Amino acid sequence: MDNILEVQGIHSYIKQYHILQGVDVRVPYGSITALLGRNGAGKTTTLKSILGLVSVRSGKIIFEGNEVQGMAPFDIAAMGIGFVPEHRAIFRDLTVEENLKLAERKRGDYSRKSDLIFDLFPDLQKFLTLPGTSLSGGQQQMLAIARAMIADNRLLLIDEPSEGLAPVIIERMISVIRQLSQTSTVVLVEQNFLVASQLAEYYVIIEEGRSVKAGTMKELKEDKAAIHHYLGAA
Amino acid sequence: MKLFIRKNSIILITLAVLIVLFTAAERGMGSKDFLITMLRGFSLGSVTFLVASGFSLIFGLLDVLNLAQGTFYMMGAYIGWTAYVRPDTFVDIITPLALIISGFTLGSVWTHISNTQHINLKVRKILPWGLILVSILLFVLIIPKYPIAIWNLDNYALSPVTYSFMADQGTRIPVTPAVFEKISPTIAIVGLLFASILGAFGISLFKHPVQTQSKLKMKNFVPFIIVLGIGLVGYFFNDGITNFLSGLDTIWLFLIAALVAALSGAGLGALTETLFIRPLYSRPIYQLMLTLGLSAIGMEIVQVIWGRNEFVMPRPSIFQTTGSACPATSFSSWLQTHCSTVLLLNARVRVYDEIFIPLVGIIVLVAVWILLKRTRLGMIIRAGVQDREMVEALGINVRSVFTLVFAIGVGLATFGGALAAPSTGLSNAMGESLLLAALIALAIGGLTSYPGAALGALLVGLIQMFVIKYGQIGITIPFTHIVFKPTPPIVPASTVLLMVIVLLILPGGLLGKRE
């Protein structure tokens with residue numbers, strides 16, 4: 001088994017709408033894999049399907065050899081998957097510290113990981129007692145990533161980490177995600193192809209709810225026609 | 001200036017209300033009446049708060065407007081009364097109840113069996129229904145024959161009204177203990193246990209089997225052993241426990257009764273959430289109808305068991321003494337005399353109604369506040385109010401937190417019922433007006449805000465008591481000589497008026513989140 005996650009031909013529904021109509025994703029251990037595609041193609045829905053937040057009607061999702069489709073989201077997450085959602089979803093009634101502590105899955109996760117996290121995000125340590133939403137956009141993104149690191153997650157699903165951030169902060173983000181990928185596997189949804197191409201080793205292109213192309217990022221970078229056709233980027 | 005008003009509108013409104021109250025008091029009543037009315041307002045506010053806080057917790061996290069909250073409050077009063085006035089009935093119920101629950105405490109074991117034993121698909125479809133049918137049959141056969149010493153609604157001398165009246169006079173009517181006549185105790189106990197196990201196993205078979213590697217541990221049996229143990233202790237030491245409870249000082253018995261009411265409420269809440277609310281999370285209108293229906297059913301059940309007549313619940317003896325030394329002149333002297341009233345600024349204040357109840361209200365307020373702010377459960381609740389999906393994505397079982405919060409919310413209401421009963425007496429309708437008051441308190445305070453529920457409940461309690469008082473003494477309308485006496489229907493109307501005023505100025509309520 002060389003893939004930590006295998007998504008095999010899933011079909012997902014949001015209410016009565018058939019959003020995903022056959023998505024395959026293979027994520028090798030220790031890699032960064034980017035899900036690419038235009039707005040509304042189904043990238044975020046794919047991430048949510050993996051976590052069980054969106055109902056998967058057919059197909060298989062295999063995490064570390066176990067089929068997880070149909071399981072409750074908290075059971076899937078507890079197997080070792082961290083989620084950094086689009087728009088960060090920082091809890092506003094909780095302080096920064098509580099946002100982190102909430103993510104504990106075992107007692108003491110927070111104190112075990114806090115050194116590592118504050119090394120990576122020194123800003124967070126300064127604002128520990130402030131409400132989570134008093135942080136700036138970039139800091140909130142850091143908090144969302146830090147929150148996903150508290151528990152021992154072997155797979156991190158990161159949705160649009162660069163969205164709405166200043167270029168300097170995007171640079172920081174890229175280096176942080178690189179560092180993360182040394183200890184866990186990362187699946188990334190990214191609109192910004194420049195960011196995705198710097199980070200990821202593998203890619204999957206999703207179009208209208210189907211995975212249409214996959215391979216290594218190296219190949220894709222050279223395939224200008226494909227980039228233009230699928231992503232609209234020059 | 002505008003900004004100042006907008007930013008401090010909460011404080012300004014509260015101040016304005018207080019100023020109106022104070023000036024009204026200045027004009028209309030002496031300081032004695034004023035003090036007593038304030039304390040009564042606090043008391044009513046505390047009871048309203050117990051119902052409203054449960055409301056607010058449930059609504060905040062689950063988005064369920066639990067309209068049965070008023071009925072649960074009433075049931076709490078009746079359950080508390082039973083443990084307090086008829087401890088023997090209470091002890092008799094422990095055993096069958098524990099046996100009925102016992103099978104369901106083995107949930108994880110049943111899931112394990114259903115996951116590991118491969119059962120033919122056809123059998124799997126029929127088996128659960130068969131098991132449940134047998135279980136129900138056994139329950140129907142055994143429960144009516146299970147002896148429980150209870151009052152008799154048809155015989156006035158043995159009705160709850162009489163038991164209450166005599167207990168209020170300080171004597172207990174001797175009761176004839178229930179004995180096993182129609183059924184042998186062994187058959188009853190084994191049968192109930194068996195029925196419970198079959199039923200619980202049958203229900204667990206509806207779930208689709210999932211592959212698991214988990215093994216059964218001793219831990220999975222602990223709740224079952226505890227519940228079964230309680231049931232068996234209740235059976236073998238029935239007389240002993242009854243005599244012990246009957247011999248207790250009434251304050252201890254009362255505390256036990258309040259605890260029993262709170263725990264039964266929590267149990268009822270958990271049951272309601274798992275059985276009825278859970279399948280309807282995607283259909284809020286159905287939930288509303290359902291809680292309304294449950295409230296009607298609860299009322300009928302209470303009428304069948306306890307009857308339609310109103311009756312009293314005696315106050316614990318330390319709040320009940322009368323005599324030449326009463327009223328107590330200060331709290332230090334009250335500690336010795338335990339008078340029912342104490343003199344405070346020359347006003348006769350009833351200790352239970354006007355001091356004890358507000359005190360308990362404050363204790364509960366602080367306790368729930370600590371639960372919300374200082375515990376992991378509270379953290380999950382606060383996070384879940386905002387974004388349930390993200391909490392689940394962190395690997396937290398939100399469903400079980402939902403059940404727990406519903407249980408706490410209903411438990412607070414039933415506790416409130418038991419607490420209020422000695423002061424207000426028991427009646428089938430006691431929940432209705434309180435439900436309305438709690439809803440209004442919630443709207444005033446800001447629907448999901450916990451301190452808002454407290455503030456709203458306090459204001460609602462105060463305004464009602466002041467209107468009642470002015471109904472007695474009349475109020476001179478400012479700048480005229482007309483004396484206005486509010487009639488009783490104005491009492492609930494005044495709370496609605498307060499709500500309208502607050503919501504016109506602050507659509508989100510006093511402490512609600514401004515979106």
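1. What share of the contacts in chain B with a separation of 6 or more comes from residues 24 or more positions apart? In this predicted model, the share for chain B is 79%. For chain A, the corresponding figure at a separation of 6 or more is 68%, again for residues 24 or more positions apart.

2. Chain B holds 21 helices and four strands. Its radius of gyration of 26 Å is close to the 24 Å that the globule rule gives for 515 residues, so chain B is as compact as a globular protein of that length. The C-alpha trace of chain B spans about 85 × 60 × 40 Å along its principal axes. Among the 515 residues of chain B, 44% count as buried.

3. Chain A has ten helices and ten strands. For its 234 residues the globule rule gives 17 Å, and the radius of gyration of chain A is 17 Å, so this chain too is as compact as a globular protein of its length. Along the principal axes, the C-alpha trace of chain A covers about 45 × 40 × 35 Å. Buried residues make up 45% of the 234 in chain A.

4. At the interface, 19 residues of chain A are in contact with 16 residues of chain B. On the chain B side, α16 (376–386) and α17 (388–393) each supply at least two residues. The largest share of that side, six residues, comes from α16(B). By residue class, the side of chain B that touches chain A consists of nine nonpolar, three polar and four charged residues.

Terms used: Residues numbered from 1 in each chain as written. Chains lettered and ligands numbered in written order. Predicted model: local features only at pLDDT ≥ 70, side-chain atom pairs only at ≥ 80, totals over all residues. Contact = placed C-beta atoms within 7 Å. Nonpolar A, V, L, I, M, F, W, Y, C, P; charged D, E, K, R; others polar. Rg over C-alpha atoms; globule rule 2.2 N^0.38 Å. Buried ≥ 20, exposed ≤ 12 C-beta atoms within 10 Å, placed from the backbone.
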